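Please look through the sequence and the model below before reading on. The paragraphs that follow lead from side chain to side chain and say how each term is used.

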Amino acid sequence: MRILLALFTGAALLAYGLSWLWDEGGGTLPAVPASAPAVLALIAIALLAVALTFRSRLRAQRERRPGARGVDPLLAARAVVFGHASALVSALAAGLYGGLGLFLALTYWDVANRREQALYAGLAVLAGAAVCATALYLQHVCRLPGGDDDQGPLSTAA
């Protein structure tokens, strides 16, 4: 969690600073794509679907329900690694969009096009936070029973 916050904060500060420098140099800032929040939201939805599926299958297996299908440990490990990687990348992307969006909101809020891009950037930050939250939830679902919490995210696959 601290790594994700550090990535987000560092990327946001870097993006804000570079946006300011680029704008002061007379350059035109790049546009924030309208699809950025949608792509991050789709990743969050996919991670949530995997987490809920694993949770129900593991619960059925723990309760020894007849016909319960277990979770392949290698598949769970791959899902946790995908979730971890998605969380890292989305924290970085959310930080970049957050820094750019903050700069646009503070500097160009009266320009309709830039205000719209600042809103897209804000939505991308929220969607990036959703990816991080669902990835952490997936890691929680796939945690080994009785595992040590200090071993790191890759040791949590079950």
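**Rings, cysteines and helices**

The charged end of R115 sits over the ring of W109, at 5.9 Å from the ring centre; a charge is said to sit over a ring if NZ of Lys or CZ of Arg is within 6 Å of the ring centre and within 35 degrees of the ring normal. The model is a predicted one, in which local features need pLDDT of at least 70 and side-chain atom pairs count only at pLDDT 80 or more, while totals for chains, interfaces and linings use all residues. Residues are numbered from 1 along each chain as its sequence is written, and side-chain values use heavy atoms, with hydrogens and water left out.

How many aromatic pairs does a search of the whole structure find? The search finds 2 aromatic pairs, where rings of Phe, Tyr and Trp (its six-membered ring) pair if their centres lie within 6.5 Å, and planes under 30 degrees apart count as stacked, over 60 as edge-to-face and the rest as tilted. Y16 and F103 form an edge-to-face pair, with 5.7 Å from centre to centre and 75° between the planes. This pair links distant parts of the chain, since Y16 lies in helix 1 and F103 in helix 3 (residues 73-107), 87 residues apart; helices (H or I, at least four residues) and strands (E, at least two) are DSSP runs, numbered from the N terminus. F103 also pairs with Y108, and because the ring centres are 6.4 Å apart and the planes stand at 70°, that pair is edge-to-face as well. Through these ring pairs Y16, F103 and Y108 are linked into a cluster.

Together with L14, L18 and L21, W20 forms a nonpolar patch on the surface, with about 430 Å² of accessible area in total. Patches are made of residues with over 30% relative accessible area and no salt bridge, like charges being joined within 9 Å and nonpolar side chains (Val, Leu, Ile, Met, Phe, Trp, Tyr) within 5 Å. A salt bridge here is a side-chain nitrogen of Lys or Arg within 4 Å of a carboxyl oxygen of Asp or Glu, and accessible areas come from the Shrake-Rupley method with a 1.4 Å probe, only the protein chains shown counting as cover for residues. S19 lies in helix 1 too, but at 5% relative accessibility S19 counts as buried. The C-alpha atoms of S19 and L102 are separated by 9.8 Å, although these residues are 83 residues apart along the chain.

Other positions can be followed in the remaining helices. In helix 3, L88 is partly exposed, with a relative accessible area of 28%; L88 and I3 are 85 residues apart in sequence and 8.2 Å apart in space, C-alpha to C-alpha. L47, in helix 2 (residues 36-62), is buried at 1% relative accessibility, and its C-alpha atom is separated by 8.7 Å from that of F82, 35 residues apart along the chain. L126, in helix 4 (residues 112-141), is exposed, with a relative accessible area of 59%, and the C-alpha atoms of L126 and F82, 44 residues apart along the chain, are separated by 20 Å.

The structure holds 0 disulfides, a disulfide being a pair of cysteine sulfur atoms within 2.5 Å. C132 is in no disulfide, and the nearest cysteine sulfur, that of C142, is 17 Å away; C142 is likewise in no disulfide. C132 counts as buried at 12% relative accessibility, and C142 counts as buried at 1%.

Conventions:
Buried means under 20% relative accessible area, exposed over 50%, partly exposed in between (1.4 Å probe, protein chains only).
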